[in-house]
Amino acid sequence: MLLPLVTLLFSQSSLGLSSPWVISPQQPDIKVRLLISGEVDPVSKTVMAGLEVKLADSWKTYWRSPGEGGVAPKITWQPSDNINTIDWLWPLPKRFELLGFHTLGYQNAVVFPLLIRVHRLDKPVTVVGRLELPSCTTVCILSDYSLNLTFTPSMLQPDSDAAFLINKGVSATPRSDKNIATHPIVSGIHDVQAFWDKSSSTLRIIAETTQAQNNADVIVESDNTDISFGLPNLHWRGAQLTATVKASNWLREANLANTSVTVTIKNGDDALEKTIKVQPSSSSLNSQSLLSILVFALLGGLILNLMPCVLPVLGLKLTTLVEASRQPRQRVRQQFLSSAAGILFSFWLLAGVLLLLKLTGTQIGWGIQFQNPWFIGFMALITTGFAANLMGLFEIRLSSGFSTKIATAGDDSCRGHFIQGAFATLLATPCSAPFLGTAVAYALSTTALNLIIIFTALGLGLATPYLLVALSPALVRFLPKPGRWMRHLKILLALMLTGTSLWLINLLQTYLWAPWLLMAFCIPTVLFTFLLLKQVLQRGKKSILFIASSVLSLVIALVFSWSTGILQPSENNKPALPWQPLSMSMIQAAVAEGKVVFVDITADWCLTCKANKIRVLDRAPVFDALQQNTVVLMQGDWTRPSDTINEFLNSHDRYGVPFNIVYGPGAPQGIPLPELLCSDKVMTALQQASSQ
């Protein structure tokens, strides 16, 4: 911390004075005294003083909040006619650990600055007090010290030795509203916010700094002495510091929402002490019962069957229904139960992976596997295999290995239907359908048991069509009877899966060089144009068919690449709306200026995000409203992993995309919007946020 020029703030007059050392008979290894620097501020009538404590050997004393053990030092001042107030300033403490307990305090020596405000400078001042000072090594002693000092402020002269010690204590004291006079230099730490996560009993502190430092620390205090705080977990995102601190209450469940805490932040030589109000989560998830969340999960899983990102899954289900219509009832039941089991298994697997990531402190979210290019490529390979199998290109038995299992997922075996159900779940995860986002957000912010229960309900919702047919196989009788139309249906479904493969390959455009991506487009299109031409021209030569299919596939790939913007000139790819990168500090600054901020968290692999863009954001009246000068647009692209977006989503108890929220003077904490946007709700939120 920059050493404040305290001597420039105080006028100088006549004789420096300090008290003699005081030693307690119960604790001969510690001595204390009062220091008077001789510096007086005539405007505020303040005398700069200090309480010096020297500790021998390995003895330690404590800070005002001692931590998991110990007692804070305390001074009881006797009333004096010429003393207005005495403010005790606390230099930054060090962290100590003994027998597994973490404490905050001082070792060797410390000087506590004292600001003595008097009524009259020309009258004597008598400072009398009793200091209760704890000291510990492997044992602890609580000692009493009598402090007594008399002086006349107008008769003091500067004492350079005392001033040096007091100024050293002042420079080690964090800047705060209480000691701003001794810290005229503005701190580089600002915009401190606190958020309370009730489900995990965690307090999250976010502060903006000028530069990240290695020796940062965050200390949290509460007026409620029953609440204790654990060690902070610090995370830097650029110059923004985020600290997560566990809070516990030995009497009852801790709850810091809407209370005030004192946060002391150290960053290099800079330090700030600030009392702030803890903001509750912007979502009402924590107040919702588990039963209502389970209902959301079931509905979310069920509706997920109708979402556009699950269209290939519907094709696979339809294929299963068609095949099942000509089989015995018991066989139908087994197959559909196998598919339901595959869906549940995949949801349990996802729950286990997310729980493991959560326990290790990794940022988690719904659909994060689509941020991995290897996973996207693997899924594209699987969809291509499924489609090729539907076209009858190959037929391999299940016992041949893993690739065989994928290729025969559409056959009659229960194992194949199990794999089909598991595959359906993997394709479903990029979307946050209505109700699904609420259920997933709650699951990822609650206990491990509740997470597993909620993911089970999500799986049951997605598996509901399978379970209905399994419970009543007679439903299959209502399907059309098998015939030649089935072959054409399989071709149609294969083309749908080809489209899915092309969509997955399109997601790789941020990872692959454009020519390589174009080649990847050609692979599935060559395959299926060849198969289609073979169906039409059954007697044609394979070489001619292959050449024709290659040319046709190249045309298809070029058209698809151009339509998706891969090969378009850069100027044609500019967004219609002036989006800016996501920044919490910029959001706060814009709101402070009276502007409305519309935040859009999206990803290339999120089809619901694209649907929101086409249906609402790029259409009147929302499009016109977002182009107003009073509206600031910020977008976070979650196509690739991003700590900034992870923190932003978690701060609003969201773990998937799409996520849209509107800030403004009328809604500084933000107005979250539903996963599926509609023009009326967006316009209402914009109007509400703009109101004062």
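Where is the place of D191? D191 sits in strand β13, residues 190-197, and it is one stop on this short tour of a predicted model. Local features here need pLDDT of at least 70 and side-chain atom pairs count only at pLDDT 80 or more, while totals for chains, interfaces and linings use all residues. Residues are numbered from 1 along each chain as its sequence is written, and side-chain values use heavy atoms, with hydrogens and water left out.

**Overall build**
- The protein chain contains 18 helices and 25 strands; both are DSSP runs numbered from the N terminus, with helices being H or I of at least four residues and strands E of at least two.
- Of the 692 residues in the protein chain, 50% are buried; buried means under 20% relative accessible area, exposed means over 50%, and partly exposed lies in between, with a 1.4 Å probe and protein chains only.
- Take the contacts (heavy atoms within 4.5 Å) between residues at least 6 apart in sequence: 71% of them join residues at least 24 apart.
- The accessible surface comes to about 32,200 Å², and carbon and sulfur atoms account for 60% of that; areas come from the Shrake-Rupley method with a 1.4 Å probe, and for residues only the protein chains shown count as cover.

**Backbone details to look at**
- The peptide bond from A620 to P621 is cis, with omega near 5°.
- P621 lies in the loop between α15 (607-617) and α16 (622-626).
- K45 is not a glycine, yet it has a positive phi of about 55°.
- You will find K45 in the loop between β3 (27-41) and β4 (46-55), where its relative accessible area of 32% makes it partly exposed.
- D191, also not a glycine, has a positive phi of about 50°.
- With 36% relative accessibility, D191 counts as partly exposed.

**Cysteines**
- A search of the whole structure turns up one disulfide, taken as a pair of cysteine sulfur atoms within 2.5 Å.
- The partners are C136 and C140, with their sulfur atoms 2.0 Å apart.
- Their link is right-handed, with 120° about the S-S bond.
- C136 counts as buried because its relative accessibility is 5%, whereas C140 counts as exposed at 55%.
- C678 is another cysteine to look up, and it counts as partly exposed at 28% relative accessibility.
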